[in-house]
Amino acid sequence: MDRKWYEKPLRIAALQCNYEEGRTLDVVDKWADAGFNAEQLFHPMAESYTAVYKSETHRGLLVKYLAKARRRGLRVILYLNAHIIEPSNAGRREAWAQRDARGEFYRLYETYDACCVNSAWRDRVFEAIDRIGDLDVDGLFLDGPVVCGSGCFCPACRALFQKEFGEALSEESARLAEFSAGSVDRFMREAHRRFKARKPDGVFYMNFPLLHESCFSMPEALDYNDILGTEGGFMFYGPAQGACLWKPSVNAKISEAAAPGRPRVIFMAADQKPWSWYVHTPVETQLCIASSVANASSIWYGLHGSTALLDTPGGRAAAELMRQLARHEAIYEATQPASSVAVMHSFDTSRHYHSSRQASDFYGGIRQEQGAPGNYLDSLFGFCDALARSSIPFDAVTDLDASAAVLGRYDCIILPTCACLRDAAVEALRDYVRNGGNLIASLDTSLLAGSGQPRADFGLADVFGVSFEGRVTE
Ligand SMILES: [Zn+2]
């Protein structure tokens, strides 16, 4: 069977603003010369750090740009902002923006309003997608959507929640996470349907919030993501000594476990977050690209300043590595994991249990759950860090795909405070141990059901040989 073009290794370039002083078409040559084989195209439509296609404004230039990219063998995936309201539409905030439970507008990047997928904003996005279908593009990327904070409480969401569930929307609602994820799901299905109606062979994907389970549902999200692309390579966000250097590889491993038959891409900011004009050092750049590719992901390399940043030590290191990857594609294409140890990523725990939120341009902070002593994401990255520093190769598995066939590949499976495990996962882990497998688990693992409801005892009490007696709180 012929593989689609985007199922082969991708080296995607992006320029997330426009400081090119009118030399827009020159950017094609810069990417092609640097070894990239695709662009996620943003800069000809840039309005500050956001971009939404408007045919009357952008079509003329885009037609020229796309023709030149075609000549240079560069695939083009059009970028479409789907998380903030751009400055020229800031006046629409009353109708389009997300609000918290007190009615205050959420702010992204401390600057912009966040658009709501249930508001009238959605209609203008669908119209833009219809018009993008007239362009000679190879795909469409939606940067978003996101659901901020504990959820959106705008008038449209309040009305929809009341209609769906027959009760008023509140922060205490047990169905809030389900509603948020369902809203994103419904929006994405329609966006996907519209694009594919015009471009059946085009690639379509979103900025996938892999470690922010409250904004999507798995495996439903695989229905409308031809590629699983996530911001695993947006690095630092704080002092360098506190950064997790394995963030790209952990994200790549979890992506592979969540979507084994699907192309994966790690999005890497060329710059140290949050300083858009400060490019990573050569070593930081090489580590991020190499650890993504070594874990079977393609790479997206995004500049948040001008293309002059390609002529910095970090930019030159990126281009050198891209050209090397281009020369040796056959070596790292279609690889298979060969580790004998796996760390479980629990989507149910990520959604329902107390956890840090991995810093990104969209998310951050901590979600508090009363009475939960653990911190899921810290535990996950802590175990991954210990394994990486011990030079023990490892894969990820997920609680949604904990089948005997998957678990049976490993000698040892680590459950990093996988507090919320559904019955099927518990049963599969029990069988795995019965068949000779080894488990390492921490803290509240299996003490809650997949829904987040407490169990009377650990679901794996018989396997652990321990029972839950209560918490020591003093
Ligand atoms: Zn809303």
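**Strand β11 and its setting in the predicted model**

In this predicted model, all six of the six residues of strand β11 (residues 264-269) are buried, so the strand is largely enclosed by the rest of the structure. Buried here means under 20% relative accessible area, with a 1.4 Å probe and protein chains only, and strands are DSSP runs of E with at least two residues, numbered from the N terminus. Both faces of β11 are covered: Arg264, Ile266 and Met268 are buried on one side, and Val265, Phe267 and Ala269 on the other. A neighbour is found in strand β10 (residues 228-233), which pairs with β11 in the parallel sense over four bridges; pairing requires at least two DSSP bridges between two strands. Within this arrangement, Gly229 stands opposite Val265 of β11.

Turning to the whole protein, the secondary structure comprises 15 helices and 18 strands, where helices are DSSP runs of H or I with at least four residues. The radius of gyration, taken over C-alpha atoms, is 22 Å, close to the 23 Å that the globule rule gives for 474 residues, so the protein is as compact as a globular protein of that length. That rule is 2.2 Å times the number of residues to the power 0.38. Along the principal axes, the C-alpha atoms fill a box of roughly 70 × 55 × 45 Å. Buried residues make up 58% of the 474 residues.

Residues are numbered from 1 along each chain as its sequence is written, and side-chain values use heavy atoms, without hydrogens and water. Local features need pLDDT of at least 70 and side-chain atom pairs count only at pLDDT 80 or more, whereas totals for chains, interfaces and linings use all residues.

Definitions and conventions: Buried means under 20% relative accessible area, exposed over 50%, partly exposed in between (1.4 Å probe, protein chains only).
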